[in-house]
Amino acid sequence: MSLLIRGGTVVNADQSFRADVLCEGDKIVAVGPDLQAPAGARVVEAGGAYVMPGGIDPHTHMQLPFMGTTASEDFFTGTAAGMAGGNTLIIDFVIPGPNDAPLDAFKQWSSWAEKSAGDYSFHVAVTNWNETISEQMGVLTREHGVNSFKHFMAYKGALLVEDDVLLQSFTRCLELGAVPSVHAENGEVVYLMQKSLLAAGITGPEGHPLSRPSSIEAEAAGRAITIAGMAGSPVYIVHVSARETVEAIARARAGGQRVYGEILAQHLLVDESVYYDKDWKKAAAHVMSPPFRSKDHQEALWAALASGTCQTTATDHCCFMIEQKLMGKDNFTGIPNGTAGIEDRMAVLWSEGVRKGRLTPNEFVAVTSANCAKIFNIYPQRGVIQPGADAALVVWDPEASRTISAKTHHQKVDYNVYEGLTVTGIPAVTVSGGKVVYEKGELKVEKGAGKYIKRPTFPSVVTAQTLRNTLTAPKGVKREPVAAVTP
Ligand code: URP
Ligand code: ZN
Ligand code: ZN
């Protein structure tokens, strides 16, 4: 099947230019002026529109079993909603329990994801440490295309891992050529803060941000960065929400460490006042971790994206219905943590970012797809419009508007954190696997059409180099590289 996108302006992270884009099957085969449509080709007219790589959301949790319930959005509905928002790939998380084998969990998540309408990939969480986990991390990288492992520094008693696990796992990631990531919040301190807030009679959603101030995020991020420095590994910090965390990342990068930061679109727009809404349900709907912050953090987050201190944007799409949020009616620590956003990330970033002069269109592509594809090693298969890349793209209408509402969104959740916000700049057409999957407000998706995208590890020579730089021996002392690392 051939598809010609005609008359648009291609926007990549490095340049923009007028060109047609020809797709054959699931690949882009030509990009240039005045391309001829092969016989029988479908033609999409893109005059006045931008043609950009499909968005990659590097942080989603479809149908995640979490906090005694399961996220309401599944892999079919979630990837479909994502495509309505211009996304063509999600990287979700396989999260084994501390006593589960990572490979078993990977198989479980893979079977859930078979119904995906859009393409997907997996990070795998490390929630404990032992020989089996270390060995299976190797199997996951070699046989299953996993090149990133996530560590929760929060959620005591459930997913939290201590510093010794971080060091061992980061070292293993380095050896494998994989990228370790962290949810950076000091879970021990959060736990004690929660206990004292409850003891003081604070049981409502406002207890959530009070128990998780920005300082405990920055402390954990700083600790993860220090540990990555000791291991000589890179580290990717998910959902950076605080000015102090941005500063910690900037310091580490200036010092030569390979530290990456991800920012959620929700944190750029929504602030902590939502937790003080008199309507308990509305306040509880916003409970997610890290929580929404005071407005002064938001400008730091926008600046982090524009300056390159943070490289990616995500949503942490983890939906719970209001009925599920009611689990914490009398105790905020029981409210399932998570908010939705996959359908709105790109439009919100365009409308509030590009249109307000905070990001250029090329920076928009960098932070919605290209940087993510590079960090997680699927560039130029993804993240760029060029011959040979996957036919996964979005035709973007910069002038069209939409008012966001839970009444009209495709996400399987009964609230929207951007309710009532009008965004200008929205997808006109989304193409996935070389096919039009969203057009004129309508989804044309197929259950099971999504492909699993394997992500190869980085060559060990690159990561070993990082380690050697870190472990510079004092003058006159001969220090061998750590034995486990292949030069
Ligand atoms: O509140 C959140 N973010 N829920 C999903 C799990 C996580 O921490 O990423
Ligand atoms: Zn998290
Ligand atoms: Zn998450």
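I looked up His 61 in this predicted model and found a relative accessible area of 5%. His 61 is therefore buried (under 20% relative accessible area, with exposed over 50% and partly exposed in between; 1.4 Å probe, protein chains only). His 59, with 0%, is buried as well.

I next examined the zinc ion (ligand 3). Its protein donors (N, O and S atoms within 2.8 Å of the metal, or 3.2 Å for Na, K and Ca; water is not among the atoms, so sites may look incomplete) are His 59 through NE2, His 61 through NE2 and Asp 316 through OD, at 2.0 to 2.2 Å. I noted their spacing along the chain as H-x1-H-x254-D. The zinc ion (ligand 2) lies 3.6 Å from the zinc ion (ligand 3).

I then turned to the nonpolar cores (sets of buried Ala, Val, Leu, Ile, Met, Phe, Trp, Tyr and Cys residues joined through side-chain atoms within 4.5 Å). The largest holds 105 residues, of which Phe 149, Val 182, Ile 237 and Phe 364 touch the most other members. Helix 7, residues 214-231, gives the most to this core, with 7 residues (helices are DSSP runs of H or I, at least four residues, numbered from the N terminus). I recorded a second, separate core of 19 residues, including Val 21 and Ala 389.

For Ile 237, I listed contacts (heavy atoms within 4.5 Å) beyond four places in sequence; among them are Val 182, Ala 221, Ile 225 and Tyr 260.

I note that residues are numbered from 1 along each chain as written, and chains are lettered from A and ligands numbered from 1 in written order. Local features need pLDDT of at least 70, side-chain atom pairs count only at pLDDT 80 or more, totals for chains, interfaces and linings use all residues, and side-chain values use heavy atoms, without hydrogens and water.

Note on methods. Helix = DSSP H or I, 4+ residues; strand = E, 2+ residues; numbered from the N terminus.
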